[in-house]
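Subject: Structure handover

Hi,

Here is the structure for you to look through. My notes on it follow below.

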Amino acid sequence: MLSLVCFFAYCAVFPGSTITVALDAVPAWGLWMGAAMLIVQGLAVIFWALGMYGARGALAVGLAAVLAWAVEHIGETTGLPFGRYQYTDMLQPQILGVVPVPITLAWLMAGFGSWQLARLTLGVRGGRIGLATLTGVLIVVLDLQIETVATLINNYWFWIDGGLYYGVPPQNFAGWWVVGFLIALVVATILPQNGENESDRVPLSLLAQRERIVAFVWQYVPALLFILSSIFFTAANLARGYPLAGLVGVIFLIVAVWIGATRRQRHPTRG
């Protein structure tokens, strides 16, 4: 499965990347790794959607990617809906000389990851609107961690407008919520909702331990990438002197672990 290849390749690089960014020790020859990891994340989600849902998955990731690219292109050229900002040359290649490809692919990880986490949290409750609302909240939580690393550490883009939260305009977070909400609506409308979540597709309790781990990872690739990203940003923010952004990550990770433990108690045979 190509999704698992991408996921485990990401995991292989993850510890070293996290440590070097947190300690401000990224070598000059390794500056390209940030873009590469964003691309690998996006590809993992694309292959996951194709493998899990076939043609419907292809349509869902295709529409989500077009939506992500469109809002970024409009955002960088007009300032709507995020506020005025500009990408640097750090992330390449750039579509039409404006939106970096790694950013579009990163939106897939953020959008599908937050959607899957929201789905795991709510189950069949809340309906599409409730699911989309929580997805928007989770994607904003991730952006609160991203902004400092992307602008103050990695210099991927810079803000022309400003704000109290590390120089980020407040409308940026409203824009992220709207985009997350729309991506979740697209995904929830296209993908089948037969069952609480993907774990219903594979009886994990019937598999051997190694197979169970692989099956678990395969089912939850987007959510796991979202959580790993939060770990990365939390470590970088705390180590590099951005405690508020780091605290957001710590709180999110604690809540995620608590929800995961609670869900495991309710469904002990699902892994």
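First, a term: buried means under 20% relative accessible area, exposed means over 50%, and partly exposed lies in between, with a 1.4 Å probe and protein chains only. By that scale I251 is partly exposed, because its relative accessible area is 48%.

Some ground rules. This is a predicted model, in which local features need pLDDT of at least 70 and side-chain atom pairs count only at pLDDT 80 or more, while totals for chains, interfaces and linings use all residues. Residues are numbered from 1 along each chain as its sequence is written, and side-chain values use heavy atoms, with hydrogens and water left out.

**Overall fold**

The chain has nine helices and four strands. Here helices (H or I, at least four residues) and strands (E, at least two) are DSSP runs, numbered from the N terminus. From the N terminus on, the order is α-α-α-β-β-β-α-α-β-α-α-α-α. The radius of gyration is 18 Å, close to the 18 Å that the globule rule gives for 271 residues, so the chain is as compact as a globular protein of that length. That radius is taken over C-alpha atoms, and the rule is 2.2 Å times the number of residues to the power 0.38. Along the principal axes, the C-alpha atoms fill a box of roughly 55 × 35 × 30 Å.

Of the 271 residues, 50% are buried. The accessible surface comes to about 12100 Å², and 72% of it belongs to carbon and sulfur atoms. Accessible areas come from the Shrake-Rupley method with a 1.4 Å probe; for residues, only the protein chains shown count as cover.

**Surface patch**

Back to I251, which sits in helix 9 (residues 243–266). Together with L244, L247 and V255, I251 forms a nonpolar patch on the surface. The four share about 340 Å² of accessible area. Patches are made of residues with over 30% relative accessible area and no salt bridge; like charges are joined within 9 Å, and nonpolar side chains (Val, Leu, Ile, Met, Phe, Trp, Tyr) within 5 Å.

**Salt bridges**

How many salt bridges does the structure hold? There are two. The term means a side-chain nitrogen of Lys or Arg within 4 Å of a carboxyl oxygen of Asp or Glu.

One joins the side chains of R240 and D24, at 3.4 Å from N to O. R240 lies in the loop between helix 8 (221–239) and helix 9, and D24 in the loop between helix 1 (2–22) and helix 2 (33–53), so the pair ties together parts that are 216 residues apart in sequence. R240 is partly exposed at 26% relative accessibility. D24 is exposed at 56%.

The other joins D161 and R84, at 2.8 Å from N to O. This pair also links distant parts of the chain, 77 residues apart. D161 is in the loop between strand 4 (157–159) and helix 6 (171–190), and R84 is in the loop between helix 3 (55–78) and strand 1 (85–87). D161 is partly exposed, with a relative accessible area of 21%. R84 is partly exposed too, at 43%.

**Helix 3**

Helix 3 has 24 residues. From first C-alpha to last it reaches 34 Å, close to the 34 Å expected at 1.5 Å a residue. The expected span is 1.5 Å times one less than the number of residues. Its buried residues include G57, A60, V61, E72 and E76. The buried residues of helix 3 pack against helix 2, strand 1, strand 3 (99–100), helix 4 (101–122) and helix 6. G79 follows helix 3, with a positive phi near 90 degrees.

**Backbone points to check**

- L80 and P81 are joined by a cis peptide bond, with omega about 5 degrees. P81 lies in the loop between helix 3 and strand 1.
- Q92 and P93 are also joined by a cis peptide bond, with omega about -5 degrees. P93 is in the loop between strand 1 and strand 2 (94–95).
- D24 is not a glycine, yet its phi is positive, near 55 degrees.
- N155 is not a glycine either, and its phi is about 60 degrees. N155 sits in the loop between helix 5 (127–153) and strand 4. At 38% relative accessibility, N155 is partly exposed.

Best wishes

Terms used
Contact means heavy atoms within 4.5 Å.
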